[in-house]
Amino acid sequence: MRSALRLLLVSFLLTLLGIGYEANATHIRAGEITAKRVSATALTYEIRLTAYFDMQNGEGAANAQNFVQFYVGSNGPIEAPRILPIINIGNNTTQNIYIVRYTFPSAGKFRISFEEDNRNNGILNIGPPPTQNLNFYVSTILEINANFGLNQTPVLLNAPIDLAAVGQRYIHNPNAFDADGDSLAYRLYTPQRGTSNGAGVNLQYGKPQSNQCSGKD
């Protein structure tokens with residue numbers, strides 16, 4: 001499902017590097033939304049958020065995140081509980097899974113989104129500053145089409161536990177995999193913040209104005 005993959009990957013990758021150094025930064029380091037059809041007779045999908053939480057600067061907030069809220073288009077919020085156990089994947093990061101089942105009203109293209117207050121602080125190449133006042137937002141586009149059968153979105157197999165360094169090339173391979181055998185493609189996407197009813201708007205994005213060490217997005 002190419003349209004779903006593109007938005008899924010770019011949203012994930014552009015939030016991946018937002019690793020802040022402030023104690024009041026958000027606990028969410030990165031995330032991806034996936035969807036898998038679970039019924040042969042109804043348009044019912046399992047919607048999943050895989051979120052990566054910062055246990056060094058945001059352990060209290062991470063432990064309190066027992067559920068999240070999705071929007072499907074402007075429909076929501078749709079509450080999804082956290083699925084235990086929580087997995088420690090190293091580098092002061094835990095992997096947290098939230099799942100809900102949702103029945104779509106018809107075939108078509110649907111934006112599935114999630115947002116949470118307070119992005120990482122001190123990110124130099126997005127704005128307006130301070131970035132801790134911007135929310136964390138990730139979304140994907142799910143296309144439901146009878147020709148696809150019981151299709152599902154791709155998943156990213158490599159967890160985002162690596163760190164970027166100022167002045168050095170950063171490389172991350174998300175290792176995307178599609179169980180349906182669909183072809184996969186990557187493209188860059190401007191980071192976004194959530195507005196209202198699940199919608200997103202592009203952030204200011206450009207070259208950092210300072211060489212000081214900080215998080216990057």
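The dialogue below turns to strands, aromatic rings and a salt bridge.

Mentor: This is a predicted model, in which local features need pLDDT of at least 70 and side-chain atom pairs count only at pLDDT 80 or more, while totals for chains, interfaces and linings use all residues. Residues are numbered from 1 along each chain as its sequence is written, and side-chain values use heavy atoms, with hydrogens and water left out.

Trainee: Which strands pair with β2?

Mentor: Strands are DSSP runs of E with at least two residues, numbered from the N terminus, and two of them pair if DSSP finds at least two bridges between them. Strand β1 (residues 28-37) runs antiparallel to β2, joined by nine bridges, and the two form a hairpin with six residues between them. β2 and β5 also pair in the antiparallel sense, over eleven bridges, with leucine 49 opposite tyrosine 98 in β5.

Trainee: How is an aromatic pair described?

Mentor: One gives the distance of the centres and the angle of the planes. Rings of Phe, Tyr and Trp (its six-membered ring) pair if their centres lie within 6.5 Å, and planes under 30 degrees apart count as stacked, over 60 as edge-to-face and the rest as tilted. The structure holds four such pairs. Tyrosine 45 and phenylalanine 104 form an edge-to-face one, at 5.4 Å centre to centre and 90 degrees between the planes. That pair links strand β2 to the loop between β5 and β6, 59 residues apart.

Trainee: Where is the salt bridge?

Mentor: A salt bridge is a side-chain nitrogen of Lys or Arg within 4 Å of a carboxyl oxygen of Asp or Glu. Here glutamate 46 bridges to arginine 48, with the closest N and O atoms 3.3 Å apart.

Conventions: Helices (H or I, at least four residues) and strands (E, at least two) are DSSP runs, numbered from the N terminus.
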